[in-house]
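Subject: Structure handover

Hello,

Here is the structure for you to look over. My notes on helix packing, strands and charge pairs follow below.

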Amino acid sequence: MTAQDWAANDPEVFIDREAFIAQLRPVEQRDSEVDFPPIANGLDYLLSVITCLTDEEEEWKWVSARDLKYAVLHLQAAAEVLLKYRLQQEHWTLVFADPGKARKEELVDGSLASCAPAQTVDRLRRIVGLPIGDKDAAALAKLAKTRNALQHYGLTDRARAVEARTAEVLDFLVRFLDEQLLPALTDEDRQRTTQDMQYIRSGLNRIQGFVTRRMQRLRAELEPHRNRTVACPHCDQWALVVADGNNKCRFCTVRTDMLDYVLRRGTGSNASYRRCLGCDNHTLVCDALTAAAPTVPADLCFSCGKTFPALKTCLRCDRRFQPHDLETVCAVCLTDRGAEEDQ
């Protein structure tokens with residue numbers, strides 16, 4: 001809870017006006033000037049996210065639709081401000097959509113057409129050389145997509161799914177601040193960020209704590225189904241049990257069918273689907289990762305729940321098959337080829 005929220009909920013605070021004013025951040029002071037340099041601007045957005053999703057006095061907060069709306073909008077704003085500021089530190093032209101047409105005056109007056117979120121991450125990885133992993137890049141991409149939907153035509157989503165995704169991006173941005181931005185500040189400027197960072201870290205811990213506790217409560221329920229449990233594409237938790245009649249995530253309660261799962265798979269996924277060798281339905285998701293083997297791809301059927309490890313795609317007929325050695329075509333095509341050679 002910020003000082004303003006505290007004051008609004010506790011009238012007795014006005015008994016000591018000086019004490020109340022002392023609790024306010026400079027930008028919360030009455031008649032304060034609008035002064036938000038990049039890092040302060042990014043931190044202010046993150047403080048808003050934490051306020052929307054957590055309660056400083058309570059272990060758990062009932063999150064409203066409005067809370068989620070502004071959490072998504074302000075988290076995406078924070079990500080854009082902080083990531084583009086790091087690009088600008090590398091070279092001011094990199095924040096332009098087309099660096100070849102960059103003009104310094106457009107950067108100064110804010111009239112530039114800046115790079116898209118995906119371009120920002122790509123340039124930080126390729127040009128600046130930052131080790132932004134695929135998981136973090138996927139989380140940022142999902143956030144940008146969610147924000148775009150909300151900004152332009154509305155958002156319908158489960159509260160807990162948004163909270164879980166928020167925790168991922170918040171965690172990344174705190175690490176990004178610690179490793180890339182805060183060390184470059186002067187001692188005086190870094191000192192000014194101390195209180196804000198403490199509040200942000202505390203809020204992140206509360207959100208992550210909720211996710212951890214809920215997953216712990218679900219552990220016994222999920223344990224018997226590890227071979228057919230995948231990471232939910234909505235909340236990213238290992239809680240989507242497939243082939244159980246409704247394909248509902250036990251964490252965020254969102255139902256996800258096979259096609260939706262394939263379409264929503266994270267950045268870099270080679271997901272596709274084929275006909276299942278067990279039940280003959282076209283619901284066999286290729287190269288899925290399950291809770292039982294989260295680093296070993298397997299083909300998982302969303303209808304019958306069976307897995308088929310190390311299946312390959314036949315180079316001749318495009319069917320999935322189980323190789324016995326180093327075959328590149330399935331047994332049917334191999335038999336057909338042998339028949340053709342005999343003729």
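**Salt bridges**

A search of the whole structure finds 16 salt bridges. The term covers a side-chain nitrogen of Lys or Arg within 4 Å of a carboxyl oxygen of Asp or Glu. One of them joins the side chains of Glu-80 and Lys-84, at 3.3 Å from N to O. Both residues lie in helix H4, four residues apart, which is about one turn of the helix.

**Basis**

This is a predicted model: local features need pLDDT of at least 70, side-chain atom pairs count only at pLDDT 80 or more, and totals for chains, interfaces and linings use all residues. Residues are numbered from 1 along each chain as its sequence is written, and side-chain values use heavy atoms, with hydrogens and water left out.

Helices (H or I, at least four residues) and strands (E, at least two) are DSSP runs, numbered from the N terminus.

**Helix packing**

Two packed helices are described by the angle between their axes and the distance between the axes. Axes here are lines fitted to C-alpha atoms, for helices over the stretch in contact, and angles run from 0 to 180 degrees between N-to-C directions. Under 35 degrees counts as roughly parallel, over 145 as roughly antiparallel, 65 to 115 as roughly perpendicular, and the rest as oblique. A crossing is left-handed if the near helix is turned anticlockwise from the far one by less than a right angle, and right-handed if clockwise. Contact means heavy atoms within 4.5 Å. For residue classes, Ala, Val, Leu, Ile, Met, Phe, Trp, Tyr, Cys and Pro are nonpolar; Asp, Glu, Lys and Arg are charged; the others, Gly among them, are polar.

*H4 and H7.* Helix H4 (residues 65-90) packs on helix H7 (residues 134-152) at about 125°, with the axes 9 Å apart. H4 is therefore oblique to H7. The crossing is left-handed. On the H4 side, the contact residues are Lys-69, Val-72, Leu-73, Leu-75, Gln-76, Ala-79 and Leu-83. H7 supplies Leu-140, Leu-143, Ala-144, Thr-146, Arg-147, Leu-150 and Gln-151. By class, that gives nine nonpolar, three polar and two charged residues.

*H6 and H7.* Helix H6 (residues 117-128) also meets H7. Their axes come within 10 Å and cross at roughly 160°. The two are therefore roughly antiparallel. H6 passes H7 in a right-handed crossing. Pro-117, Val-121 and Arg-125 of H6 touch Asp-134, Ala-137, Leu-140 and Ala-144 of H7. Five of these contact residues are nonpolar, none polar and two charged.

*H8 and H9.* The axes of helix H8 (residues 159-181) and helix H9 (residues 187-222) come within 9 Å and cross at roughly 140°. That makes H8 oblique to H9. H8 passes H9 in a left-handed crossing. H8 residues in the contact include Ala-164, Ala-167, Leu-170, Val-174 and Leu-177. Among those from H9 are Met-197, Ile-200, Leu-204, Ile-207 and Phe-210.

**Strands**

Two strands pair if DSSP finds at least two bridges between them.

Strand S1 (residues 229-231) and strand S2 (residues 238-241) are antiparallel, over three bridges. Ala-231 has Trp-238 as its bridge partner in S2. The two strands form a hairpin with six residues between them. In its turn, Asp-236 has a positive phi of about 65°.

An open sheet has four strands in the order S3-S4-S5-S6, with antiparallel pairing. The edge strands are S3 (273-274) and S6 (307-309), each pairing on one side only.

Strand S4 (residues 284-290) pairs with S5 over four bridges. Leu-284 stands opposite Cys-301 in S5. Two residues lie between S4 and S5 in their hairpin.

Strand S5 (residues 293-301) is joined to S6 by three bridges. Leu-300 stands opposite Thr-307 in S6. The hairpin of S5 and S6 has five residues between the strands, and Gly-305 takes a positive phi near 80° there.

Best regards
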